[in-house]
Amino acid sequence: MDVSKVKIFKTQIAIPVPKGGSGHGAEPQQLLMSSAVACYTMTLAYMLDRSKLPVSGFYMDTVGSVSTGDQLGIVHYPHVVLSEKATNEDVAKAEELIWLADEQCHIGQLLIKAGVPVKAEGKVSVDLGDEATKQYIDPHGLNW
C-alpha cells in the first residue's frame, strides 16, 4: 500500500470525567454519534443529488442524548430547501427521501440493531426568496 495516498484522520479522544478520565477530547459516544450523523447526511445528500430535485439548501441538525444507564439516542433533523420552481411532487419526493435515507444509512441501521433509537424528523420547504440560508445560519451562530 502506498502510504503517501492514505488520508489521515486526527482527533483527540478522551475517557469521560465521570469515568475517571480527563474529558479533554471526544468521548466514544460522541464519536459514535458523529458517525451516525455523517452517514445519514451523506446518504440523504446522495439521494437528493440522484433524484435531480431542485435543491437550493440542505441543513442538518442532530441531537444525540445519553440517558441513565448510558442509553444512547439519536434524532436527525434535516431541512431540505427546494427552489421556487419545485412542484408538489418534488416536495413529496424530498419528504420521502428524508425517511428513506434513515432506512438506508448503514451506521444508523447497525445502531438500531444494537438497540439504539435512531430516527429522522425532517422538513422540506420551498425557498420563496425569504433567505432560508440566513434563517438557518444566524440562529445557529455560524459564520457565513
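Just after helix 1, I find K52 with a positive phi of about 65°. The model is a predicted one. K52 sits in the loop between helix 1 and strand 1. I checked its cover: K52 is exposed, with a relative accessible area of 69%. I also took a distance across the fold. K52 and D90 are 38 residues apart along the chain, and their C-alpha atoms are separated by 9.4 Å.

**Overall layout**

I counted four helices and four strands. Along the sequence I read them as α-β-β-α-α-β-β-α. The protein has 144 residues, and 32% of them count as buried. I looked at contacts with a separation of 6 or more: residues 24 or more positions apart account for 60% of these. The accessible surface comes to about 9700 Å², and carbon and sulfur atoms hold 56% of that.

**Helix 1**

I compared the length of helix 1 with expectation. Its 24 residues should span 34 Å at 1.5 Å a residue, and the end C-alpha atoms are 35 Å apart, which agrees. I then listed its buried residues: M33, A36, C39, Y40, T43, L44, M47 and L48. Their cover includes strand 1 (55-67), strand 2, helix 2, helix 3 (106-113) and strand 3 (118-120).

**Helix 2**

I ran the same check here. The 17 residues of helix 2 should span 24 Å at 1.5 Å a residue, and its end C-alpha atoms are 24 Å apart, which agrees. Its buried residues are D90, V91, A94, L97, I98, A101 and D102. Two aspartates, D90 and D102, are on that list. Among the elements covering these residues I note helix 1, strand 2, helix 3, strand 3 and strand 4 (123-126).

**Disulfide**

How many disulfides are there? I count one. C39 is joined to C105, S to S 2.5 Å. C39 lies in helix 1 and C105 in the loop between helix 2 and helix 3, so the pair ties together parts that are 66 residues apart in sequence. Are these cysteines buried or exposed? C39 and C105 are both buried.

I went through strand 2 next. It is mostly covered, with 10 of its 12 residues buried.

Strand 4 is another parallel partner of strand 2, with four bridges. V81 has S125 in strand 4 as its bridge partner.

**Nonpolar cores**

Which residues have the most contacts inside the largest nonpolar core? I find Y40, L44, V80, L82, I98 and V124, in a core of 18 residues. Helix 1 (28-51), strand 2 (71-82) and helix 2 (88-104) each give two or more residues to this core. A separate core of seven residues lies apart from it; M33, L72, L111 and V118 are among its members.

Last, I looked up L82, leaving aside neighbours within four places in sequence. L82 is in contact with L53, P54, V55, S56, D90, V91, A94, V124, S125, V126 and D127.

Terms used: Residues are numbered from 1 along each chain as its sequence is written. This is a predicted model: local features need pLDDT of at least 70, side-chain atom pairs count only at pLDDT 80 or more; totals for chains, interfaces and linings use all residues. Side-chain values use heavy atoms; hydrogens and water are left out. A nonpolar core is a set of buried Ala, Val, Leu, Ile, Met, Phe, Trp, Tyr and Cys residues joined through side-chain atoms within 4.5 Å. Buried means under 20% relative accessible area, exposed over 50%, partly exposed in between (1.4 Å probe, protein chains only). Contact means heavy atoms within 4.5 Å. The expected span of a helix is 1.5 Å times one less than its number of residues. Accessible areas come from the Shrake-Rupley method with a 1.4 Å probe; for residues, only the protein chains shown count as cover. A disulfide is a pair of cysteine sulfur atoms within 2.5 Å. Two strands pair if DSSP finds at least two bridges between them.
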